[in-house]
Amino acid sequence: NEYFTDYIMKLMPAGRVRVNEPMSAHTTFRVGGPADFFVQPENVEELSVIIKYLAVTLPCPSDTSLSK
């Protein structure tokens, strides 16, 4: 979603949100495909902003297996 991309890029300073970032650049064994979004918050406040935004933006999957 283009709106989602634009908004999340505005939440964080330039360079700390990357689209299609290869996870191989961030893992010990240098494996992993591209992440839709790779976000690097510098502090708890930035992390909190991202989490709050995602909590109201993304749908919550219903997992009925946990209630059994």
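Mentor: Let's start with a definition: buried means under 20% relative accessible area, exposed means over 50%, and partly exposed lies in between, using a 1.4 Å probe and protein chains only. Keep in mind that this is a predicted model, where local features need pLDDT of at least 70, side-chain atom pairs count only at pLDDT 80 or more, and totals for chains, interfaces and linings use all residues. Residues are numbered from 1 along each chain as its sequence is written, and side-chain values use heavy atoms, with hydrogens and water left out.

Trainee: Why is glutamate 46 called buried?
Mentor: Its relative accessibility is 16%. Buried means under 20%, so glutamate 46 counts as buried.

Trainee: What makes glutamate 46 and arginine 16 a salt bridge?
Mentor: The term asks for a side-chain nitrogen of Lys or Arg within 4 Å of a carboxyl oxygen of Asp or Glu. Here the closest N and O atoms are 2.2 Å apart, so arginine 16 and glutamate 46 form a salt bridge.

Trainee: What makes arginine 16 part of a network?
Mentor: Arginine 16 also meets glutamate 42 in a salt bridge, N to O at 3.8 Å. That value is within 4 Å, so the contact qualifies. Arg16, Glu42 and Glu46 are therefore linked in a network of salt bridges. Glutamate 42 sits in the loop between β2 and α2 (44–57), 26 residues from arginine 16.

Trainee: Are arginine 16 and glutamate 42 buried or exposed?
Mentor: Arginine 16 has 13% relative accessibility and counts as buried. Glutamate 42 has 60%, so it is exposed.

Trainee: How many salt bridges does the rule give?
Mentor: The count comes to three. One of them joins arginine 18 and glutamate 21, with the closest N and O atoms 3.4 Å apart. Arginine 18 is partly exposed, because its relative accessible area is 29%, whereas glutamate 21 is buried at 13%.

Trainee: Why is the pair of tyrosine 7 and tyrosine 53 called tilted?
Mentor: Rings of Phe, Tyr and Trp (its six-membered ring) pair if their centres lie within 6.5 Å; planes under 30 degrees apart count as stacked, over 60 as edge-to-face and the rest as tilted. The structure holds one aromatic pair. Tyrosine 7 and tyrosine 53 lie 4.6 Å centre to centre with 35° between the planes, so the pair is tilted. The pair links helix α1 to helix α2, across 46 residues. Tyrosine 7 is partly exposed at 34% relative accessibility, and tyrosine 53 is buried at 11%.

Trainee: What is the value for arginine 30, and where is that residue found?
Mentor: Arginine 30 has a positive phi of about 55° although it is not a glycine, and is found in the loop between β1 and β2 (34–39). At 55% relative accessibility, arginine 30 counts as exposed.

Conventions. Helices (H or I, at least four residues) and strands (E, at least two) are DSSP runs, numbered from the N terminus.
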